[in-house]
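Here's a quick briefing to read alongside the model. Have the sequence and the 3D view open as you go.

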Amino acid sequence: AVVAAGGTVTEENAAIEAKARDCAAMLKALGMQRADLFAILAELQIEYTDKTRISELPKDALDQLAERLDAEAELRRGGANEGEQEPQP
């Protein structure tokens, strides 16, 4: 994306693109759609338009999105952290 925009690839740009790919993969793994992404961006108060792509988000927004998606995945797993036992019925 950076090269296509006429920029040069730096270590930071590569890390941002990797984070964007990770967020997209997490959304897909959680079965989320574009509307779900927009709902999360609104919840996090991250500016977006109906044409916003994950790869266009700034690093701080990607960091917030990744944290939120991690929390969603944890919630769907039942909230048990490593080393904790599930409550027994």
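Which residue does the side chain of Glu 74 join in a polar contact? The partner is Arg 77, at 2.6 Å between the side chains (a polar contact is a pair of N or O atoms within 3.5 Å; within protein, one must be able to donate a hydrogen and the other to accept it, and residues adjacent in sequence count only if both atoms are side-chain atoms).

Keep in mind that this is a predicted model, where local features need pLDDT of at least 70, side-chain atom pairs count only at pLDDT 80 or more, and totals for chains, interfaces and linings use all residues. Residues are numbered from 1 along each chain as its sequence is written, and side-chain values use heavy atoms, with hydrogens and water left out.

- Glu 72 sits in helix 3, residues 59-76 (helices are DSSP runs of H or I, at least four residues, numbered from the N terminus).
- Glu 72 counts as buried because its relative accessible area is 13%, and the cut-off for buried is under 20% with a 1.4 Å probe, protein chains only.
- Leaving out residues up to four places away in sequence, Glu 72 touches Leu 30 and Met 32 (contact means heavy atoms within 4.5 Å).
- Glu 74 is in helix 3 too, and Glu 74 is buried as well, at 19% relative accessible area.

Notes. Helix = DSSP H or I, 4+ residues; strand = E, 2+ residues; numbered from the N terminus. Buried < 20%, exposed > 50% of the residue type's maximum accessible area, 1.4 Å probe, protein only.
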